[in-house]
Amino acid sequence: MSEIGDSGPNGNSAIGRRGFLAGAAAVAATAAAPAALQLAAAAPAAAAGGTRPNILLIVTDDQPKQTEWATPQTVDWIAGHGVRFTHGHVTTPLCAPSRSSVFSGRYAHNHGVRNNGASHSLDQHTTVQRYLREAGYRTGLFGKYLNSWTLADNPPHFEEWALLQPAYNDASWNVNGTVQTLPGYTTNIVKNRTLAFLDKAATDSRPWFAYVTPYASHAPNVPAPKYEDTVVPPWNGRPSVPEADRSDKPGYIQSATATLADGQAVRTKQLRTLLSVDDAVQAIHDKLVALGQLDNTLVIYLGDNGFTWADHGWLKKSVPYSPAHEVPFYLSWPAGGLGAGTTDHRVVANIDVAPTILDAVGITPDTPQDGHSLLTAYSRSHLLVEWWKQGTAAGGPPTWSSYVAADKQYTEYYALHTDANGTVSGTGEVKFREYYDLAADPYQLTNLLYQATPQQEQALGVPALAAQLATDRAA
């Protein structure tokens, strides 16, 4: 672990808030008050004097947390020479709502993109790309944008883009306003378009923001030809795959039918598609080295949501179980003091991405944000995770919200649904509840609220959790 930097002429750490975090990431969840005060007073030195960092934001698609075998170069660079967040989450385990939270720093109930059909509900004025473009950044988007976004519509606040209509081969793209088919494997096209964007830094002195977002590892999980037969490490499941007795679970989980073999098959395909992502990330790393811009580039890598591999019989996302909302989450910024390869155990989320970027650049947002900069000592006690059922058809999870802490999770399911525009209808009645002691039961096998007495609920602290959840949903 790196040490805190020497004091500057005013007695403050010369590397300010970022240097402190690099030295204390592993214990940030219990940071002392004096350290927090020091962070609050520290000026974002790297944002001053024309040394604003470049921003590289990499968001993969449906990438579960347990996939690092396929991304060793990525892990070595961004986590090994940065920060690995052990409790990284998304606040809605569904693509468009999650990506809208990445852009805006807001929960889905605030930004309005509650399902994949409501992408045009996002207020583009709230996005990190708007802030950066107006601050003089060169902005680029390469890959997937938002589900249900009309391909011919240009993505706001990007100067250059190659926007993918999700597919793996010979896909349709909007390239700087022209819709066209580009032959080839789309992860490689994302890589090459990003490299060309970075190359312009040799003659354009503006700092840049690159949003890089391959389709991998989303279904149908088609690997590049070079990796289509790659042997992946064997995997024999985990205690939740399959869960023998699901009588304490909601009805849709009791009816779930996915098997260990199903989970193994999806895992294999996901890992094979991620091998090309790892190659792309390494190529971007090498380009930054060649340009001399590696140190002062803030890199953030995360998945837009996780994915269950037949946990509790479920083979999708959209559920309040850890594999669906936990994601790989790494950050690196050597010039900001975050290059030492530390581990951070705070509960962090996609809503923290935009506040972190703006903090690094020195921009104070003029629109509301629910997240917090990861460059400070802020440590939340818990996170709100939420999901809405679209339509009224039978099957699948009902609308739910969840109080997620490092050691426990409390979930409520509601009589609510949305239409394609994200508008919510229903009585809001609580239909089912779950509570898991994550310290003793990390695989969420025993719902402690199943047939619990009022006295047992009191002992678990459920009334207070329910009250907090209601407050979080309304905030």
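By class, how many nonpolar, polar and charged residues does the lining of the second largest cavity have? That lining has 4 nonpolar, 3 polar and 3 charged residues, where Ala, Val, Leu, Ile, Met, Phe, Trp, Tyr, Cys and Pro count as nonpolar, Asp, Glu, Lys and Arg as charged, and the others, Gly among them, as polar.

This is a predicted model, in which local features need pLDDT of at least 70 and side-chain atom pairs count only at pLDDT 80 or more, while totals for chains, interfaces and linings use all residues. Residues are numbered from 1 along each chain as its sequence is written, and side-chain values use heavy atoms, with hydrogens and water left out.

**The sheet of 10 strands**

- An open sheet with mixed pairing holds 10 strands in the order β6-β5-β4-β3-β7-β1-β8-β9-β2-β10; strands (E, at least two residues) and helices (H or I, at least four) are DSSP runs numbered from the N terminus, and two strands pair if DSSP finds at least two bridges between them.
- Because β6 (178-185) and β10 (342-349) each have a single partner strand, they stand at the edges, and one side of each is left without a neighbour in the sheet.
- Neighbouring strands of this sheet are turned by 20 degrees against each other on average, direction ignored, with axes fitted to C-alpha atoms (for helices over the stretch in contact) and angles running from 0 to 180 degrees between N-to-C directions.
- Strands β4 (residues 160-164) and β5 (residues 169-175) run antiparallel and are joined by 3 bridges, with leucine 164 having tryptophan 173 of β5 as its bridge partner.
- Helix α9 (residues 260-291) lies across β1 (54-60), β6, β7 (208-213) and β8 (297-303), and runs at about 175 degrees to β1.

**The sheet of 4 strands**

- A second open sheet has 4 strands in the order β11-β12-β13-β14, with antiparallel pairing, and its edge strands, β11 (383-387) and β14 (424-437), each pair on one side only.
- β11 pairs with β12 (residues 399-404) over 5 bridges; leucine 383 has valine 404 of β12 as its bridge partner, and tryptophan 387 stands opposite tryptophan 400.
- Helix α13 (residues 462-474) packs on this sheet, touching β11, β12, β13 (408-418) and β14, where contact means heavy atoms within 4.5 Å.
- On its other pairing, β12 is joined to β13 by 6 antiparallel bridges, including the one between serine 401 and glutamate 412, and a hairpin connects the two strands through 3 residues.

**Burial of β12**

- Since 6 of the 6 residues of β12 are buried, this strand is largely enclosed by the rest of the structure; buried means under 20% relative accessible area, exposed over 50%, and partly exposed in between (1.4 Å probe, protein chains only).
- Thr399, Ser401 and Tyr403 point one way from β12, whereas Trp400, Ser402 and Val404 point the other way.

**Cavities**

- There are 2 cavities of 30 Å³ or more, a cavity being a set of points, on a 1 Å grid over the protein atoms alone, where a 1.4 Å probe fits but cannot get out, with lining residues having an atom within 4 Å of a point.
- The largest cavity holds about 60 Å³ of space, and its lining divides into 8 nonpolar, 2 polar and 1 charged residues, with α7 (186-199) and α9 each giving two or more.
- The second largest cavity holds about 50 Å³, and its lining includes Arg346, Asp352, His372 and Arg380.

Key
On a 1 Å grid over the protein atoms alone, a cavity is a set of points where a 1.4 Å probe fits but cannot get out, and a pocket is an open set with protein on both sides within 12 Å along at least five of seven lines; lining residues have an atom within 4 Å of a point. Grid points are joined across faces, edges and corners, and a volume is the space filled by probe spheres set on the points.
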